[in-house]
Amino acid sequence: MKIYTSESVSIGHPDKVADQISDALLDEFLKQDPRSRVAVETMLAHGVAVVSGEVTTNAYVNVQEVVRETIKAIGYTNTAVGFDGDNCGVLVAIQGQSNDIAMGVDTGGAGDQGMMFGYATNETSELMPLPIAISHAIMRKAVEVRRSNPGLGLRPDAKSQVSVIYENGMPKTIDTVVVSHQHDDVDSLNNEIPQEEIRRRVIQYIVEPVLDEYKQYRNSDITFHINPTGRFVTGGPAGDTGLTGRKIIVDTYGGMAPHGGGAFSGKDPTKVDRSAAYVARYLAKNVVSAGLAGRCVIQLAYAIGVAQPVAINVDTFGTETIDPDEIAARIKKNFDLSPAGIIKTLDLLNTKYLPTAKNGHFGNPAFPWESTAAASSLS
C-alpha cells in the first residue's frame with residue numbers, strides 16, 4: 001500500500017493569477033500576429049504587478065489593460081480581498097527576443113533545450129492520476145460556488161490537496177482532503193464569521209459535491225483538514241507573492257510523473273518547454289487509449305535550434321501489451337515532433353492559452369492535446 005498526494009490551487013492563488021496574466025498576454029499577441037515570439041513572466045506583490053520578458057511581434061497589445069482586466073475577472077476588485085485590478089500598479093519591462101535564439105527558431109529549430117514529459121494512466125476517464133483529478137475538481141467547484149453564492153463569504157485565493165491510497169499500482173480509497181480557502185472576516189451584519197462555520201461551508205458546498213462524483217473511492221474514514229491554520233482572511237498578492245511558472249507540478253500530473261522543469265504559461269508554442277510537453281501528453285494518452293499500455297510516460301529531449309528531438313523514451317511500467325521499443329518506433333514513424341510539426345498537429349497557433357492557466361494543462365477535453373484520435377495510428 002502507498003499513499004500518493006497531489007495539490008491544486010484556485011484561479012485566485014497568486015501564482016495562478018500570474019500565470020493567467022502571462023497567458024492572457026500571449027493570447028492577445030497571437031491573436032493579432034500568429035508569428036509572435038512571446039516569453040512573458042509576471043510577478044505580483046502587494047498592490048503591484050510586474051510584467052517582464054521577451055516579445056518579438058507586429059502586434060500592438062495594451063499590456064496594462066490586459067493585466068487589469070485579467071485580475072478583475074478572477075475576482076480581485078478590492079484591496080480588502082487582497083488585490084484591486086483597477087488601482088494596482090502595473091510595471092512593464094518587455095524587450096525583443098534575442099537574435100541568437102531567433103536564428104535557431106527561424107529555421108524551424110526548437111526554441112530551447114531540455115526534456116519534456118507526458119503521462120497518461122487508465123485510472124480515470126480523462127486518463128489522469130486520481131489525486132490531481134480530484135484536487136482540480138475541488139478547485140473548479142470552489143470558483144463556481146464563490147461566484148454563484150457570494151453570501152458564503154468566500155474570497156478568490158484557495159488551495160486543495162488530496163491523498164489517495166493505492167494498492168498494486170491502482171487507487172483504492174481517498175485518505176485525506178485538505179482545503180485552505182480565503183474568506184471574509186465578517187458577515188453582512190458585521191459579525192465575525194466563526195472558523196467552524198467556514199469549515200462547514202467549504203465541506204458542504206465544495207468538497208462533498210466533488211467527492212460524490214468519486215463515490216467508488218469514498219469511505220467513512222476520510223480525514224478533512226479545512227483551513228487548518230484556523231484563519232485565512234489575508235490572501236492573494238496581499239498575503240503571498242505570485243510568480244509565473246511556480247506551480248509546474250499543479251500544472252501537470254501532481255507529482256505522479258517526472259517533470260523536466262520548464263514552465264508553460266506566457267510562452268508561445270515555438271518554445272518546446274510548452275509545446276513538447278503538450279505533444280508528449282498527447283502521445284502518452286493515445287498510447288493508453290490504443291490499449292498498448294495501462295500507464296505510460298513519454299520523454300522527449302531537444303537541443304536549441306535543432307528541429308527533431310534528440311531522444312524519445314517510452315516507459316510503460318510493466319503495463320504494456322507490446323514492447324515499449326515498438327511503441328517508440330511507431331511514434332517516430334507516425335508523428336513529426338519538430339516544433340513546426342507539433343504546432344501543426346495540435347493547431348497550437350489557434351489555441352487559447354488562458355484556460356490552461358486555471359485548472360491544470362491536462363485532463364480538459366477542450367484542449368487539442370487531449371484528443372485520442374491518433375490512437376488508431378499507433379495500433
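Modeller: Ser180 sits in strand 9, residues 170-183; strands here are DSSP runs of E with at least two residues, helices are runs of H or I with at least four, and both are numbered from the N terminus. Beyond its neighbours within four places in sequence, Ser180 touches Asp157, Ala158, Lys159, Asn227, Pro228 and Phe232, where contact means heavy atoms within 4.5 Å. Ser8 is 172 residues from Ser180 in sequence, yet their C-alpha atoms are 11 Å apart in space.

A word on the ground rules: this is a predicted model, where local features need pLDDT of at least 70 and side-chain atom pairs count only at pLDDT 80 or more, while totals for chains, interfaces and linings use all residues. Residues are numbered from 1 along each chain as its sequence is written, and side-chain values use heavy atoms, with hydrogens and water left out.

Now to the rings. Rings of Phe, Tyr and Trp (its six-membered ring) pair if their centres lie within 6.5 Å, and planes under 30 degrees apart count as stacked, over 60 as edge-to-face and the rest as tilted. That rule gives nine aromatic pairs. In one of them, Phe264 and Phe362 have ring centres 6.1 Å apart and planes at 80°, so they meet edge-to-face. Phe264 belongs to the loop between helix 6 (248-251) and helix 7, and Phe362 to the loop between helix 9 (339-346) and helix 10 (375-378), so this pair ties together parts 98 residues apart in sequence. Both Phe264 and Phe362 are buried, meaning under 20% relative accessible area with a 1.4 Å probe, protein chains only (exposed is over 50%, partly exposed in between).

Tyr282 and Phe335 form another edge-to-face pair, with centres 6.3 Å apart and planes at 90°. Tyr282 is in helix 7 and Phe335 in the loop between helix 8 (324-334) and helix 9, 53 residues apart. Tyr282 is buried at 8% relative accessibility, and Phe335 is buried at 13%. Ring pairs also join Tyr119, Tyr253, Phe264, Tyr278, Phe362, Phe367 and Trp369 into a cluster.

The structure has one cavity of 30 Å³ or more; a cavity is a set of points on a 1 Å grid over the protein atoms alone where a 1.4 Å probe fits but cannot get out, and lining residues have an atom within 4 Å of a point. Of the 13 residues lining the largest cavity, Met116, Phe117, His259, Gly260 and Ala277 are closest to its centre. Strand 7 (114-121) and helix 7 (272-289) each give two or more lining residues.

Definitions and conventions: On a 1 Å grid over the protein atoms alone, a cavity is a set of points where a 1.4 Å probe fits but cannot get out, and a pocket is an open set with protein on both sides within 12 Å along at least five of seven lines; lining residues have an atom within 4 Å of a point. Grid points are joined across faces, edges and corners, and a volume is the space filled by probe spheres set on the points.
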